[in-house]
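These are my notebook entries on a chain that was new to me. I recorded each item as I looked it up.

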Amino acid sequence: MEKHKQKECIANLLAGLLAGGIFLILLFLLHWNFLVDLALAVGVFFGLSLLLKPRRKIGRISIDQLPEGETLSRQLEEAQKDFICIEQAMQRIQQPAVKQEAQRLKQTAKNILTYLEKHPEKIKSARQFIDYYQDTASSLLQKYIELQDTNLQTEDAMHLQSNTLKAIGTLNTAFEAQFQKLMHNEMMDMESEIRLLEQTVKMENLK
């Protein structure tokens, strides 16, 4: 969102500079009527602003072309923020077993977000992953880092760290199940193609 606003500001600045340049040239070099010159410059500014305005996209698809595109874009942005939190927390984890599970979690989340960027129409179907599972993973890992940084070695702290490892394992299972659910149609299409290929080969006695 911030990058989009920056690009929009740059586009407006360029439009303003070009419109201002045209205004000055027409007024002082060609001696046009001030009001006519001003009206033309304003028209040029708005025209260039629309022309240069960056198009917000999800992957390669403009959000204007998607039903509820703004909503889908916001949901994906929230998911990307949670992913960044997971990635940053994973890098700070010291315990090898927890770090390994967190790396697996990060990789699956990355794969899901890459898939959603290519298939933005599936973002709505991924709400459970975005709003609950990934958000929970982000929160849990950040709390684990806070506990780790205290260097507490009490029985309760060690027990909580052990339970966190189990919870991350559960989240990994949930992440993978969510990804498989999202890819259900693609997997079914592949199965159909494989069955068709096998039937074709069998019918032509190529086997």
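This is a predicted model: local features need pLDDT of at least 70, side-chain atom pairs count only at pLDDT 80 or more; totals for chains, interfaces and linings use all residues.

I located V36 in helix α2.

I next looked up the patch that includes V36. The nonpolar surface patch is formed by I22, I25, L29, L30, W32, V36 and L40. Together these residues have about 630 Å² of accessible area. Which helices each supply at least two residues of the patch? I found α1, spanning 2-29, and α2, spanning 34-52. The most is given by α1, with three residues.

I then turned to D82, which I placed in helix α3, residues 69-92. I noted that D82 is buried yet has no salt bridge. The nearest side chain of opposite charge belongs to K81 and is 9.0 Å away, whereas a salt bridge would need a distance within 4 Å. Leaving aside residues up to four places away in sequence, I recorded that D82 touches I130, Q134, D135 and S138.

Finally, I looked at the chain as a whole. I recorded seven helices and two strands, in the order α-α-β-β-α-α-α-α-α along the sequence. The chain has 207 residues, of which 32% count as buried. The chain exposes about 14,000 Å², and carbon and sulfur atoms supply 58% of that area. Among contacts with a separation of 6 or more, 69% join residues 24 or more positions apart.

Notes
Residues are numbered from 1 along each chain as its sequence is written. Side-chain values use heavy atoms; hydrogens and water are left out. Helices (H or I, at least four residues) and strands (E, at least two) are DSSP runs, numbered from the N terminus. Buried means under 20% relative accessible area, exposed over 50%, partly exposed in between (1.4 Å probe, protein chains only). Lys and Arg count as positive and Asp and Glu as negative; His and the chain ends are not counted. Contact means heavy atoms within 4.5 Å. Patches are made of residues with over 30% relative accessible area and no salt bridge: like charges are joined within 9 Å, nonpolar side chains (Val, Leu, Ile, Met, Phe, Trp, Tyr) within 5 Å. Accessible areas come from the Shrake-Rupley method with a 1.4 Å probe; for residues, only the protein chains shown count as cover.
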